Amino acid sequence: MIVAAPRSGAGKTTVALGLMRAYARAGLKVQAFKNGPDYIDPAFHGVATGRPGFNLDSWAMGWPLIEFLATQAQGSDLSITEGSMGLFDGGARPGAAGHGATADLAAHLGWPVILVLDVSGQAQSAAATALGFARMRTDVGVAGVILNRVASDRHARLISTALTQIDLPTLGVLRRDAMPVFEERHLGLVQAGEVPALDAHLDTLAQAIGAACDLGAIRALAVEHALAKEAVDIRPPAQRIALARDDAFSFLYPHLATGWRAAGAEILPFSPLADEAPDPGADLAWLPGGYPELHAGKLTGNTHFLDGLRRFAQGRPVHGECGGYMVLGQGLIDAAGTRHAMAGLLGLETDFSQRKLHLGYRLARSLRASPLGPQGTLLRGHEFHYARVLTTGDDAPLFALEDAEGKPVAEGGTARGNASGSFFHAIAW
C-alpha cells in the first residue's frame, strides 16, 4: 500500500512511520519504500521496521529498475510506501518512466492509496477534497482516508459521514496535537542517527497511531504484488569504494550501495568526522551529500582525513556529491559567515551565509570521464541545497544539466585532476 496526501505537511510521514512501527511491533515483517528523491526518510523507515528502506522514483528510474527494487519486499508480510509532496505532484515532463509522482507509482504497480487529509479549518468539505483525489485518475485507487488534525469527536463525525456518502471509509482519526513530532531542518527531518531515543519515540508514535487507526482494516486493503523476475544490474563506479559515512556524509541512496555490493563491489566505509582517511587500498573515494556545513569547524581541523584524502587523490579518483563536493573545494562559509578551509582538491568556494534554494530533478550529461562513466554518459537525479557558489576557479565543467522541463541548469559541477564533484545527486545511470 501507499500512504499519500494532497500536499506536503499534511501528516503522511507521521502516519507512514506510525503504521510501519505499529505493524512491526505486532510481529509483521514490514518493508518500507519512499517515493521520490528523498535520502532522509528511508533511514527513519529502516529504524521503524528493522529492514533497510528504499527509494522508488519514476522520473529517475525506469520501470524495470523500480519493479526490481520492489523485490526488496521478498520475505516481508507487508510493504508500505510513503508518498512525496501531493499525490499527483511530480516533474513537469515525464522522465525515465513517469513524472515522479506518487500516483505514477500507484498506477503502474497497482498499489492502493491511503489518503491522509489535514482537516483543520474544514469539515464536510474535506470529503470534496477526497473525492477529487479519488477521481483524478481512474488508474489510481484511493482505498480509504485517515483524518489528521481533527478538533473534536463532532468534527470527526461530520467528515466521516460525508466520506461515507462517497463510499470512502474513514480508517483513522488523529486528533490535533496528539501525535509525537520530529524535529526538522532545512532539508526535511533531522537525520535518524541524530534523534535521541528514536526507538522509544517511534514506539510512542506507533501506540498513538494504533489507538487512532483501524490497523486491521488498513492491512486488509493491501494487495498482493507479483515480484519482478528479471534482475537489474546497478553498475558500481569502482571495484573497491572508500565511502564516507557519518552524520556529515549520509545522503547515499540505499539502492546504490545495495546494488554495488550485489554487483561484486566492496564498500570500505570511513568517517571524516572521526578524522579517518579513505582506505589507501581502495580504487575510488566517494563523498556523498550530507550536512558538512553543520560540522565545517570540525572537518577543517581533521588533518588526518584531509591529508589522507589529498594523498589518495594523487593517484586515484575522488568524487563528491553536494556536501561531498563542497568539502572537496577550497572553502565553505557557514551560516554565521565564518569561512572554513576544505580539502582544496577543487576550486569551489561555497557560502551558506546568504542562502539560495536549488531544487529539482536533473538530467545530466557527462562532459568528461568520471567515476560515473565516460564522456557522454546520461544520468538522472536531483539537486537540493541552499549553498551559493562564489567561484569554481578555473576547473573544467563536469556535467551539462537540464531540469524536468528541459531547461538548462547552471552549476553542473567541476573536475580537476583526479577530483570531480557536483551538487547533482545521481539516482540512476
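The axes of helix α2 (residues 41-49) and helix α7 come within 10 Å and cross at roughly 75°. That angle makes α2 roughly perpendicular to α7 (65 to 115 degrees; under 35 counts as roughly parallel, over 145 as roughly antiparallel and the rest as oblique). The model is predicted, so that local features need pLDDT of at least 70 and side-chain atom pairs count only at pLDDT 80 or more, while totals for chains, interfaces and linings use all residues. Residues are numbered from 1 along each chain as its sequence is written, and side-chain values use heavy atoms, with hydrogens and water left out.

**Helix contacts of α7**

- Axes are lines fitted to C-alpha atoms, for helices over the stretch in contact, with angles from 0 to 180 degrees between N-to-C directions; helices (H or I, at least four residues) and strands (E, at least two) are DSSP runs numbered from the N terminus.
- In α2, Phe-44, Val-47 and Ala-48 meet Leu-198, Asp-199 and Leu-202 of α7 (contact: heavy atoms within 4.5 Å).
- This contact of α2 with α7 has five nonpolar, no polar and one charged residues (nonpolar: Ala, Val, Leu, Ile, Met, Phe, Trp, Tyr, Cys and Pro; charged: Asp, Glu, Lys and Arg; polar: the others, Gly among them).
- Helix α1 (residues 12-25) and helix α7 (residues 198-212) have axes that come within 8 Å and cross at roughly 95°; the two are therefore roughly perpendicular to each other.
- Residues making the contact of α1 with α7 include Leu-17 and Arg-21 of α1 and Leu-205 and Ile-209 of α7.

**Aromatic pairs**

- The whole structure holds 11 aromatic pairs (rings of Phe, Tyr and Trp, the last by its six-membered ring, with centres within 6.5 Å; planes under 30 degrees apart are stacked, over 60 edge-to-face and the rest tilted).
- Phe-251 and Tyr-291 form an edge-to-face pair, because their ring centres are 5.3 Å apart and their planes lie at 75°.
- Phe-251 and Tyr-291 are both buried (under 20% relative accessible area; exposed is over 50%, partly exposed in between, with a 1.4 Å probe and protein chains only).
- Ring pairs also join Tyr-39, Phe-251, Tyr-253 and Tyr-291 into a cluster.

**Charges over rings**

- Arg-355 lies over the face of Tyr-386, 4.1 Å from the ring centre (NZ of Lys or CZ of Arg within 6 Å of the centre and within 35 degrees of the ring normal).
- The charged end of Arg-380 sits over the ring of Trp-59, at 4.7 Å from its centre.

**Helix α9**

- Buried residues of α9 include His-255, Leu-256 and Trp-260.
- After α9 comes Gly-264, with a positive phi near 100°.
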